[in-house]
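Have the model open while you read.

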Amino acid sequence: MTAVFQVGDARITRIPELHWDNADPKRLYPDIDAETLATFGPSLTPGSFDAATGRLAQGTHAWLVQLPDITLLIDTATGNDKPLPDAPALDHLHTPFLDRLAAAGVRA
């Protein structure tokens, strides 16, 4: 989901790349134990933890920062077409990221 924030003169747009609703906490945080997750999971931001399944919602995205005289793209996402054989879900990823960027009013 694209989100837009205004901070002073800056318009900040989140450009989504990927989203998972069923991330296994043990895969992301191998040392986490069930008791800790049950205790602190519900205090995560809304939509980040499903107490019924014990799963996390995770995502990758970039930030588009538009100021009157400059436009910045802070790209913390994975990126398309990269060989990532150790991460099969991301290997040679193909998302409409550039289309989403264009929808926010910017072209690569």
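1. How do the residues of the lining of the second largest pocket divide into nonpolar, polar and charged? There are seven nonpolar, three polar and two charged, where Ala, Val, Leu, Ile, Met, Phe, Trp, Tyr, Cys and Pro count as nonpolar, Asp, Glu, Lys and Arg as charged, and the others, Gly among them, as polar.

2. Before going on, some housekeeping. This is a predicted model, with local features needing pLDDT of at least 70 and side-chain atom pairs counting only at pLDDT 80 or more, while totals for chains, interfaces and linings use all residues. Residues are numbered from 1 along each chain as its sequence is written, and side-chain values use heavy atoms, with hydrogens and water left out.

3. Back to that second pocket: its volume is about 370 Å³. A pocket here is an open set of points on a 1 Å grid over the protein atoms alone, where a 1.4 Å probe fits, with protein on both sides within 12 Å along at least five of seven lines; lining residues have an atom within 4 Å of a point. The volume is the space filled by probe spheres set on the points, which are joined across faces, edges and corners. Among the lining residues are Trp20, Arg27, Gln58, Gly59 and Pro88. β2, α1 (25–28) and β4 are the elements giving two or more residues to this lining, and β4 has the largest share, with three. Helices (H or I, at least four residues) and strands (E, at least two) are DSSP runs, numbered from the N terminus.

4. The largest pocket comes in at about 440 Å³. It is lined by 17 residues, and those closest to its centre are Arg14, His19, Gln58, Gly59 and His61. Here β2 (10–23) and β4 (55–67) each supply at least two lining residues, but β2 gives the most, with six. The lining splits into five nonpolar, eight polar and four charged residues.

5. Strand β5 (residues 70–75) gives the most to the patch, with three residues. Ile70, found in β5, is partly exposed at 44% relative accessible area; buried means under 20%, exposed over 50%, and partly exposed in between.

6. Two backbone spots deserve a look. Most residues other than glycine have a negative phi. Asp81, however, has a positive phi of about 65 degrees, and His92 has one near 50 degrees. Asp81 counts as exposed at 52% relative accessibility, whereas His92 is partly exposed at 47%.

7. Finally, two buried residues. Leu64 sits in strand β4 and is buried, with a relative accessible area of 1%. Its C-alpha is 8.3 Å from that of Asp75, eleven residues apart along the chain. Gly41, in the loop between α2 (34–40) and β3 (49–50), is buried at 3%. The C-alpha atoms of Gly41 and Thr60, 19 residues apart along the chain, are separated by 20 Å.

Conventions: Buried means under 20% relative accessible area, exposed over 50%, partly exposed in between (1.4 Å probe, protein chains only).
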